[in-house]
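The following paragraphs lead through one protein model, beginning with a covalent link and moving on to strands, loops and rings. Please keep the sequence and the model in view while reading.

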Amino acid sequence: QVQFVESGGGLAQPGGSLWLSCTASGISFTSYDVTWYRQTPHIMREFVATTTTSSFADYADAVKGRFTISRDNGKNTVYLQMNSLIPEHTAVYYCNAKNSLGGNFAWGQGTQVTVSS
């Protein structure tokens with residue numbers, strides 16, 4: 001059983017910041033690339049950022065310069081520092097990793113990020 005738990009979301013003002021956390025049971029992040037995704041009720045889940053096992057980062061173009069992904073393997077936690085928030089960042093944010101079949105594990109509940117206008 002691999003389960004992801006996202007936290008840290010909430011309400012932020014435009015230009016503000018939020019710091020999201022992702023942890024998982026059943027896997028050690030030391031062995032996995034971990035990816036943040038986001039989803040709205042009318043838009044499919046989309047890639048946000050990935051941290052690789054060697055701590056390299058990859059970002060969607062839309063969030064480059066605004067978001068920073070990082071990991072603390074000792075805490076088995078991946079973070080997403082979200083700065084310069086705009087209303088378009090409003091979404092439910094999820095984290096996940098690829099399972100042995102090449103797909104994602106089961107999705108957690110996500111954490112809601114709302115940026116007011």
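A disulfide (a pair of cysteine sulfur atoms within 2.5 Å) joins Cys22 to Cys95, with an S to S distance of 1.9 Å. By this rule the count comes to 1 disulfide. The link of Cys22 and Cys95 is right-handed, with 85 degrees about the S-S bond. Cys22 lies in strand β3 (residues 18–25) and Cys95 in strand β9 (residues 91–96), so the pair ties together parts that are 73 residues apart in sequence. Strands (E, at least two residues) and helices (H or I, at least four residues) are DSSP runs, numbered from the N terminus.

The model is predicted: local features need pLDDT of at least 70 and side-chain atom pairs count only at pLDDT 80 or more, whereas totals for chains, interfaces and linings use all residues. Residues are numbered from 1 along each chain as its sequence is written, and side-chain values use heavy atoms, with hydrogens and water left out.

Burial is judged by relative accessible area, where buried means under 20%, exposed over 50% and partly exposed in between (1.4 Å probe, protein chains only). Cys22 is buried, at 0% relative accessibility, and Cys95 is likewise buried at 0%.

Two strands pair if DSSP finds at least two bridges between them. Strands β4 and β9 pair in the antiparallel sense over 5 bridges, and Arg38 stands opposite Tyr93 in β9. Strand β4 is also joined to strand β5 (residues 43–51), antiparallel to it, by 6 bridges. These two strands, β4 and β5, form a hairpin with 2 residues between them; the bridge partner of Thr40 is Ile43 in β5.

Thr50 is found in strand β5 and is buried, at 13% relative accessibility. Its side chain makes a polar contact with the side chain of Thr35 at 2.6 Å. A polar contact is a pair of N or O atoms within 3.5 Å; within protein, one must be able to donate a hydrogen and the other to accept it, and residues adjacent in sequence count only if both atoms are side-chain atoms. Not counting residues up to four places away in sequence, Thr50 touches (heavy atoms within 4.5 Å) several residues, including Val34, Phe56 and Ile69.

Ser55, in the loop between β5 and β6 (57–59), has a positive phi of about 70 degrees although it is not a glycine; Ser55 is partly exposed, at 48%. Ser84, in the loop between β8 (77–82) and β9, has a positive phi of about 50 degrees and is not a glycine either; Ser84 is partly exposed, at 36%.

How many aromatic pairs does the structure hold? There are 7 aromatic pairs. Rings of Phe, Tyr and Trp (its six-membered ring) pair if their centres lie within 6.5 Å; planes under 30 degrees apart count as stacked, over 60 as edge-to-face and the rest as tilted. Tyr32 and Phe105 form an edge-to-face pair, 5.9 Å centre to centre with 65 degrees between the planes. This pair links distant parts of the chain, with Tyr32 in the loop between β3 and β4 and Phe105 in the loop between β9 and β10 (111–115), 73 residues apart. Tyr32 is partly exposed at 24%, whereas Phe105 is buried at 15%. Phe4, Phe29, Tyr32 and Phe105 form one aromatic cluster.
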